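Thanks for coming, everyone. Please take a look at the screen, and then I'll walk you through it.

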Amino acid sequence: MIFKRKWSTGLLAVTAFISLTACAEEQTKPASPSNNTAEEMDHSTMSHSSSGEVPSTLKNADNPKFSVGSNVIITDGHMDGMRGAEATIIGAYNTTAYVISYEPTSGGKHVENHKWVIHEELIDPEEAPLAPGTEVKTDAAHMEGMENATVRIEEAIQTTVYMVDYTSTTNGEAVKNHKWVTEEELTSK
């Protein structure tokens with residue numbers, strides 16, 4: 001009887017230990033990345049600010065919804081600190097914008113569904129828009145290891161893209177000449 005009680009107590013202790021260990025591991029596991037929300041995507045190697053230089057073949061938008069100099073709110077957060085940020089339009093351009101996936105040339109994790117690279121940042125592309133699944137090189141340098149990478153087109157949209165200045169809602173960092181935000185990701189202030 002004493003042996004049976006010790007055995008039961010031991011079994012109960014082992015079961016409790018395993019359960020607690022599983023709970024602790026569950027709590028420390030990072031959330032699995034989602035392709036739809038930027039807050040979960042790692043943009044730590046993204047160059048938030050840029051020189052403001054644009055490809056020479058990029059054309060200014062004739063009648064953009066948001067004119068240069070206007071103040072807007074960024075409604076999409078494909079990068080931490082963007083969603084809800086007040087921004088100033090620095091440039092507006094008509095183009096094809098792409099969601100891309102690629103292996104960084106500098107090594108590191110495969111990048112899935114990066115927003116946005118524009119047609120004029122692709123090296124010797126065919127006529128726009130490129131079909132999903134098309135692979136092409138880019139000279140965009142928005143993130144470490146992006147320049148000269150072979151990218152896979154995931155989605156293409158013909159739109160007006162904007163270069164914006166904004167202040168991050170998460171760390172207060174001033175971001176200058178951020179490339180790119182689409183018209184659908186902005187609203188009037």
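Which residues of the largest nonpolar core touch the most other members? Keep that in mind while we get our bearings.

A word of caution: this is a predicted model. The protein has one helix and nine strands. Of the 189 residues, 37% are buried. Take contacts between residues at least 6 apart in sequence: 62% of them join residues at least 24 apart.

Back to the question. The residues are I74, I89, Y162, V164, Y166 and L186, in a core of 16 residues. In general, nonpolar side chains in soluble globular proteins tend to be buried together.

Now pick one member, L186. Leaving out residues up to four places away in sequence, L186 touches F66, V72, I73, I74, T75, I89, Y162 and V181. There is also another core, apart from the largest one. That one has 14 residues, including Y102, V111, V136 and M143.

Next, two strands. β7 spans residues 150–167, and six bridges join β7 to β8. The two run antiparallel. V164 stands opposite H178 in β8. Between the strands of this hairpin sit six residues. Look at G172 there: its phi is positive, near 75 degrees.

Is β8 mostly covered or mostly open? Mostly covered: seven of its nine residues, 174–182, are buried.

The protein exposes about 11,000 Å². Carbon and sulfur atoms supply 51% of that area.

Conventions
Residues numbered from 1 in each chain as written. Predicted model: local features only at pLDDT ≥ 70, side-chain atom pairs only at ≥ 80, totals over all residues. Heavy atoms only, no water. Helix = DSSP H or I, 4+ residues; strand = E, 2+ residues; numbered from the N terminus. Buried < 20%, exposed > 50% of the residue type's maximum accessible area, 1.4 Å probe, protein only. Contact = heavy atoms within 4.5 Å. Areas by Shrake-Rupley, 256 points an atom, 1.4 Å probe, with all protein chains shown as cover. Pairing = 2+ DSSP bridges. Core = buried A, V, L, I, M, F, W, Y, C linked by side-chain atoms within 4.5 Å.
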